[in-house]
Amino acid sequence: MKLTKIIATLLSVGVISSMSPVQAQELTGTLAKIKKAGSVTLGVRDGSVPFSYLDDKQQYQGYSIDLCMKVVTALQKHLGLSELKVVMSPVTSANRIPLMANGTIDLECGSTTNNLERQQQVAFAPTMFVIGNRVLSKKSSNIKTLEDLRGKTLVATAGTSTIKQMTILNKEKNLGMNIAVGKDHPESFLMLETGRAVAEANDDILLASQVANSKNPNDYEITKEALSVEPYGIMLRKGDPAFKKVVDDALIRLYKSDDINRIYAKWFTSPIPPKNINLKFPMPPQLKAVFTNPTDSGDPAAYAAVPEAQKTSDKRKK
């Protein structure tokens, strides 16, 4: 039978027309791994409120996890699976990149800064949040700027871009700070709370969350001085364009829809579990600009300035 007749026969019985793009081509990389296992593994955090954390029922939840679950739905559809199991695998700031590189996790759903250095090891989905790096202290310490920490103890979390930044600034400005290291964000705040450090350096939204969930929120103050502006992104393996395309497409669709505003409001301007505290953190203009024009750039300069069109739009809404 000639090839044309074979194709015509297959079309007549609906074989070719019913084949999905996935069935029509051989899967590779992470897509093949997920298809074979029937499961996707998400790297999650225990204490990165409100991005990824354990609630009082020991369930993982948060803004980043909600976004990752949108990706999971897209993956299930793309792979033509009737069911896709989700495995939550705890990671830390220190081990998240090695666990991604060695295949232990497929998506990292936490509060990870996307920068050019990390892009040498891993890839990032389009930016999901934009932060300012600041310093938190007790009001009684009267810390207003980094200069006020000269000769004092500052704590930052192991494996973060913040601790590297503080080390560089300490040397460049000859501040003589003692930089202590917390194993995770809760431990870093505990060191500040108990007086083992005068201040904590971290991303502003994480600091705001720590203060809101503390025993005495009115005791603390976050500096107005932003030491840097950085993007957060969902992390995935480097060199896997087919998988990255599915992830990117899912998030871009979300960012272009009204659903992203609902998800943002759920975690940043509404009461959140377990204490039903409202972080009262309106969407930064830089993030609005990113949702309008999604990017996975790891260059801070891409986020430092808000496009004039976005500024004009925000003014009209006021």
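A residue counts as partly exposed when its relative accessible area lies between the buried limit, under 20%, and the exposed limit, over 50%. Lys144 has 42% relative accessibility, so Lys144 is partly exposed. This is a predicted model.

Lys144 forms a salt bridge with Glu221, at 3.0 Å from N to O. Lys144 sits in the loop between strands S8 and S9, while Glu221 belongs to strand S12, so the bridge ties together parts 77 residues apart in sequence. Glu221 is partly exposed too, at 25%.

## Salt bridges at Asp259

The salt bridges come to 12. Asp259 takes part in a bridge with Lys70, at 2.8 Å from N to O. Lys70 lies in helix H4 and Asp259 in helix H10, so this pair links distant parts of the chain, 189 residues apart. Lys70 is partly exposed, at 33% relative accessible area.

Asp259 also bridges to Arg262, with the closest N and O atoms 2.8 Å apart. Both residues lie in H10, 3 residues apart, or about one turn of the helix. Arg262 is partly exposed, at 48%. Elsewhere, shared partners join Lys33, Asp106 and Arg237 into one network of salt bridges.

## Helix H7

Helix H7 covers residues 185-193. Its buried residues are His185, Ser188, Phe189, Met191 and Leu192. They span an arc of only 155° around the axis, which means they lie on the same side of H7.

What happens at the start of H7? A side-chain oxygen of Asp184 comes within 2.9 Å of the backbone nitrogen of Glu187. Just after the helix, Gly195 has a positive phi of about 85°.

Technical notes
Residues numbered from 1 in each chain as written. Predicted model: local features only at pLDDT ≥ 70, side-chain atom pairs only at ≥ 80, totals over all residues. Heavy atoms only, no water. Buried < 20%, exposed > 50% of the residue type's maximum accessible area, 1.4 Å probe, protein only. Helix = DSSP H or I, 4+ residues; strand = E, 2+ residues; numbered from the N terminus. Arc of directions from axis to C-beta. Polar contact = N/O pair within 3.5 Å; in protein donor to acceptor, adjacent residues only side chain to side chain. Salt bridge = Lys/Arg side-chain N within 4 Å of Asp/Glu carboxyl O.
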